[in-house]
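Open the model in your viewer and keep the selection tool ready.

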Amino acid sequence: MGSGWHEWPLVLFTVLGQCVVGATIITGMGWLAARNEPEDQRRIVRNMFFLWVIMGIAFFASVLHLGSPLRAFNSLNRIGASALSNEIASGSVFFAVGGFWWLLSMVGKMPATLGRVWQIIGMVLGLVFVWAMTRVYQIDTVPTWYNGYTTASFFLTVVLTGPLFAALLLKLAKVPFNGKFFVSLSVLALLASLALVVMQTAELGFIHSSVQQANALLPDWGSLQVWRFVLLTAGLGCWICPLLRRVSPRALGLAAGLVLVLLGEFIGRGLFYGLHMTVGMAIAG
């Protein structure tokens, strides 16, 4: 019962990790597009430092969930056979590849051609990391997670949070950024998230065990989803409104928008964990 916030380390790990993946892809695209502007590239690289700070916070939260760093190492023992091992391994590889690319670029030791290939590989590894996250929760004995809504919601978080984080970093780097396409993607992700919640809410009434109904797990599901979408809309509005007025968004406005969107996704992810049903036998339909 409740909002699922008892799993707050996992809420932080998954949401922040997905946010970093989305922002890495878009800032990486910005870095690649500025290959004829070395100074712009240097400023982008400097500000990408914050990507790896947030990723570090996400991994620290995951270690808190496991209880100790030693357990984190032990969880790598079944790579290929365990979804959890695959998640930690893919996340660690993404973190290491991206972090080393950033470090070598910062000190000017990254060759131009290798740097471009390395950056693209890092972007792909980010998507692999998110996919590995989704597989952890595809458990057939947890019918509220064992569906396409889980996979869709994780990737939608990438598109909801990542572009806004990237827009902030590129703004701080003073690099020209036409955000209309990416803000449109985020708006589409918001609408898709709303549609997903509507469909999932309807299906929860048909999922039950011999002793428990899925839609009884979270009595505040409806009100918390409303608050979630209020925060998401307000956060994206901090980015959209200046663009509609044909002015460049301010860094402070983008930062406030990012905080609001992350808070909204924290609520949504908490609700996801709150839907966990520990059952031996479950019936859907």
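Start with residue classes: Ala, Val, Leu, Ile, Met, Phe, Trp, Tyr, Cys and Pro count as nonpolar, Asp, Glu, Lys and Arg as charged, and the others, Gly among them, as polar. A cavity is a set of points on a 1 Å grid over the protein atoms alone where a 1.4 Å probe fits but cannot get out; lining residues have an atom within 4 Å of a point. Volume is the space filled by probe spheres set on the points, which are joined across faces, edges and corners.

This is a predicted model, with local features needing pLDDT of at least 70, side-chain atom pairs pLDDT 80 or more, and totals for chains, interfaces and linings using all residues. Numbering runs from 1 along each chain as its sequence is written, and side-chain values use heavy atoms, without hydrogens and water.

**Stop 1: confidence.** Colour by pLDDT, the predictor's confidence in each residue, from 0 to 100. The protein's mean is 90.

**Stop 2: the largest cavity.** Select Ser-153, Gln-200, Arg-228, Gly-268 and Phe-272. Of the 20 lining residues, these lie nearest the centre. The space is about 200 Å³. The lining has eight nonpolar, nine polar and three charged residues.

**Stop 3: the second largest cavity.** Select Trp-52, Trp-101 and Trp-118, which are among its lining residues. About 50 Å³ of space lies here. What classes make up the lining? Six residues are nonpolar, four are polar and none is charged.

Conventions:
On a 1 Å grid over the protein atoms alone, a cavity is a set of points where a 1.4 Å probe fits but cannot get out, and a pocket is an open set with protein on both sides within 12 Å along at least five of seven lines; lining residues have an atom within 4 Å of a point.
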